[in-house]
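Thanks for asking me to look this one over. Here are my notes, as numbered points you can check against the model as you go.

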Amino acid sequence: MSAIDQLREAVCAANRALVMHALVTLTWGNVSGISRDRKLVAIKPSGVAYEQLQPRDITVVGLDGIPVSGSLRPSTDTATHLVLYRAFPGIGGITHTHSTYACMFAQARRAIPCLGTTHADQFNGEVPVTRQLTAAEVAAGYEAATGDVIAERLKGMDLAGVPGVLVAGHGPFSWGADPMKSVENAAALEAIAHMAYGTLALNQTSPLEAHILRKHHDRKHGPGAYYGQGS
Ligand SMILES: [Zn+2]
């Protein structure tokens, strides 16, 4: 099997995993993956039901957005994914959903504070929220501008500790080393948002103590990480 066919299979499986993780309503979500050496991005086709999705349906585009294979139209969010792949050379997969609790924080234009260790295991601090797009930015190219405000918000941050972001008024984008990792980070982000919503409703608003946040993040992701079975 060619490397591009393998990428298509991985992207198809990751899109179907959105359903398993209960992250999507209708077709409100998409996953992509990139072949860095071939400079090609594979992404869900627009409007196709996840249950019917097959690897041959996955569209492949260049980093300029020009389709190179696949007969279906790529996701309408393709330009956002392409901006992120160009801005962040270390990421291999991107997920965008409209999962309920992450969207609630995005719609409230609120970052998700780190309130507990479940959050600290995934994010090295708050889940950031972007600024809103201007009318001129939307008119000039809405989907690419969405990628631009994400890149602007994350400038100078270590993406290893920030596997996702909320776009103001819209919803979450997450990423990872490959397409399935980006879906797992989308699921983690939704769980974090759900817990934060309930915690804030219980009037607990002060963040997790910094030394506990650091301990939890580092034992999983730091230089001396000891969570899991290693590799
Ligand atoms: Zn969206």
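1. Leaving aside its neighbours within four places in sequence, L166 is in contact with A102, F105, A106, V127, V129 and P172. Contact here means that the C-beta atoms of two residues, placed from the backbone, lie within 7 Å. Please keep in mind that this is a predicted model: local features need pLDDT of at least 70, side-chain atom pairs count only at pLDDT 80 or more, and totals for chains, interfaces and linings use all residues. Residues are numbered from 1 along each chain as its sequence is written.

2. A residue is buried if 20 or more other C-beta atoms lie within 10 Å of its own, exposed if 12 or fewer, and partly exposed in between. In soluble globular proteins, nonpolar side chains tend to be buried together.

3. Next, α6 and its partner α3. Helices (H or I, at least four residues) and strands (E, at least two) are DSSP runs, numbered from the N terminus. The axes of α3 (residues 100-107) and α6 (residues 179-201) come within 7 Å and cross at roughly 65°. Axes are lines fitted to C-alpha atoms, for helices over the stretch in contact, with angles running from 0 to 180 degrees between N-to-C directions. The two helices, α3 and α6, are therefore roughly perpendicular to each other; angles of 65 to 115 degrees count as such, while those under 35 are roughly parallel, those over 145 roughly antiparallel and the rest oblique.

4. The crossing of α3 and α6 is left-handed, and the contact is made by Y101, A102, M104 and F105 of α3 with L189, E190, A193, H194 and Y197 of α6. A crossing is left-handed if the near helix is turned anticlockwise from the far one by less than a right angle, and right-handed if clockwise. The residues of this contact divide into 7 nonpolar, 1 polar and 1 charged. In this scheme Ala, Val, Leu, Ile, Met, Phe, Trp, Tyr, Cys and Pro are nonpolar, Asp, Glu, Lys and Arg are charged, and the others, Gly among them, are polar.

5. How do α1 and α6 pack? Their axes are 8 Å apart, at an angle of about 15°. That makes α1 roughly parallel to α6, and the crossing is right-handed. On the α1 side the contact uses A10, V11, A13, A14, A17 and L18, and on the α6 side P179, M180 and V183. By class, the contact of α1 with α6 has 9 nonpolar, no polar and no charged residues.

6. P179 deserves a look of its own. This proline lies in helix α6 and is buried, with 27 other C-beta atoms within 10 Å. Beyond four places in sequence, P179 is in contact with A10, V11, A14, V31, S32, G33 and G93. S32, found in strand β1, counts as buried with 33 C-beta neighbours inside 10 Å. Not counting residues up to four places away in sequence, S32 touches V11, V41, A42, I43, H81, G93, I94 and P179.

7. Another helix pair is α2 (residues 78-87) and α5 (residues 135-154), whose axes come within 7 Å and cross at roughly 35°. The crossing is right-handed. Among the contact residues are A79, T80 and V83 of α2 and G141, E143 and A144 of α5. By class, the contact of α2 with α5 has 7 nonpolar, 4 polar and 2 charged residues.

8. Finally, two backbone angles to check. Most residues other than glycine have a negative phi, and most peptide bonds are trans. Phi of A22 is near 55°, a positive value; A22 sits in the loop between α1 (3-20) and β1 (29-35) and is exposed, with 11 other C-beta atoms within 10 Å. R109 also has a positive phi, near 55°, and is found in the loop between α3 and α4 (117-122). With 13 C-beta neighbours inside 10 Å, R109 counts as partly exposed.
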